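Please have the sequence and the 3D view ready.

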Amino acid sequence: MFKKVLIANRGEIAVRVIRACRELGIQTVAVHSEADKESLHVRLADKAICIGPAPAADSYLNIPSIISACEITGADAVHPGYGFLSENEDFAEICEAHGLTFIGPSKDSIARMGNKIEAKKIARESGCDLIPGSPNGVTPDDPEMLKLARKIGYPMIVKAAGGGGGKGMRIVTHEEALSDMVKLASNEAQRAFGDPRVYLEKYLEGPRHIEVQILADKKGKVVALPERDCSVQRRYQKLIEESPSPAVSDKQRKRLLRAARKIAQEVGYVTVGTIEFLMDKNGAFYFMEMNTRIQVEHPVTEMVTGLDLVKWQIMLAAGERLTFDEDDIRIRTHAIECRVNAEDSEHDFVPSPGKVEKFIVPGGPGVRVDTHVYSGYTVPPFYDSLLAKVIVQHDNRDAAITRMRRALGEFIIEGVRTTIPFHQKVLEHEAFRYGDVTTNFIAKHIAGTE
Ligand code: MV4
């Protein structure tokens, strides 16, 4: 097992990783920017090192600084968290070249899955259904594209090969707009990801976002866990996640988990990852992309399965083997997570950084709060706006919703605006309570937020 892990991240996930390390008897090194001196992860780690100025490009994305911090402190592994360098194949390679274990998949898995066109090919080879679309990238003035687009049909969606998570996407409703939309998407993709390649897909109306967490050891064993439903999103930012999905039957779950497992096996994946699917009204599901990191919403799966996914991620990176099978996993409870952001959900979700004068977290049975915030903490304006994740569990979905409303009602946050009013609105909505949540839920039901 590792002796000392450096956490190349900040915020609640850095805190989460430190907790897992401590329970495994591993020493921890926090890195932080000049803006994060007072963050909780800095206090909780055994050692902390400042790696640069506030902008992420100068600190949390600064690979030489992070490698130096590892060498100075004698760390033997690096946990990248999510975001920042977590899906950067160069970083994974550089860590390994410096004798540091990157706690994640191989650089090869990151690279192959990071290209969404390549990822779809891998999914197809492993027998998974794909949304009808272009098998390769398209360019704006290619005459073949028009032919292909006619075959796919409208509405259509243009997505970035180097993207994911919705950035650089464009919906095309008719042929006349196609060339322009491909150009726009391609320019945006170049700017955001340094890769102008885009591809086409048939646009599914009102799908659900269903994802499957997988764990994989270095001996080739893969276990897929019960799905998460992340259909409540705003501008491609997930806001509420739950497990199991109210829209997935036991029979569908078997098929989903099998598909996810086969895709992970196909790439020779190790540690933890997530396969994302879109599910249509008829319950058909299609591979969308794979995330090669631990995700924000991993705690809902921890609550449902009783597994500690971050501990497993670390143990699997250290070469330990999976000691349980998919059949050993029972769905023990219903879990829901709400992301509490420092954003004013009543005014178009504008960021609301600043000093958190008072911060009193909810508790009681079945409530977990993952956060790096405390009373008196100042939310810097430089990074994402996640303040806390409230995760609840209860015997069934209705009871879990009631419990979440109770927990959010207890949460006292003064000094910054938050997304709690948005969550309360969704949770009390009849359509949500009924489990009827798709892509257009927020636009359709939660007025004034789109
Ligand atoms: C789609 C889609 C419809 N058809 N692809 C949103 C985030 C990004 N990961 C992919 N997304 C979508 N891709 C096709 N071919 C609709 C969405 C989508 C969405 C999906 C699930 C839940 C909420 C959503 C909100 C907007 C768009």
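Is R150 exposed or buried? R150 counts as exposed, at 56% relative accessibility. Here, exposed means over 50% relative accessible area, buried means under 20%, and partly exposed lies in between, using a 1.4 Å probe and protein chains only.

**Basis of the model**

This is a predicted model, in which local features need pLDDT of at least 70 and side-chain atom pairs count only at pLDDT 80 or more, while totals for chains, interfaces and linings use all residues. Residues are numbered from 1 along each chain as its sequence is written, and side-chain values use heavy atoms, with hydrogens and water left out.

**Salt bridges**

A search of the whole structure finds 34 salt bridges. A salt bridge is a side-chain nitrogen of Lys or Arg within 4 Å of a carboxyl oxygen of Asp or Glu.

R150 and E175 form one of them, with N and O 2.7 Å apart. This pair links distant parts of the chain, 25 residues apart: R150 lies in helix α7 (residues 143–152) and E175 in helix α8 (residues 175–193). E175 is partly exposed, with a relative accessible area of 23%. Helices (H or I, at least four residues) and strands (E, at least two) are DSSP runs, numbered from the N terminus.

**Buried pairs**

E201 and K159 also meet in a salt bridge, at 2.9 Å from N to O. E201 sits in strand β8 (residues 198–202) and K159 in strand β6 (residues 156–160), 42 residues apart. Both residues are buried.

Another salt bridge joins E302 and R16, whose closest N and O atoms are 2.8 Å apart. E302 belongs to helix α10 (residues 298–305) and R16 to helix α1 (residues 11–23), so the pair links parts of the chain 286 residues apart. E302 is buried at 5% relative accessible area, and R16 is buried at 7%.

**Crossing of α1 and α11**

The axes of α1 and helix α11 (residues 309–317) come within 9 Å and cross at roughly 65°. Axes are lines fitted to C-alpha atoms, for helices over the stretch in contact, and angles run from 0 to 180 degrees between N-to-C directions.

Which residues of α1 meet α11? R16, V17, A20, C21 and E23 in α1 meet L309, V310, K311 and I314 in α11, where contact means heavy atoms within 4.5 Å. The residues of this contact divide into six nonpolar, no polar and three charged. Ala, Val, Leu, Ile, Met, Phe, Trp, Tyr, Cys and Pro count as nonpolar, Asp, Glu, Lys and Arg as charged, and the others, Gly among them, as polar.
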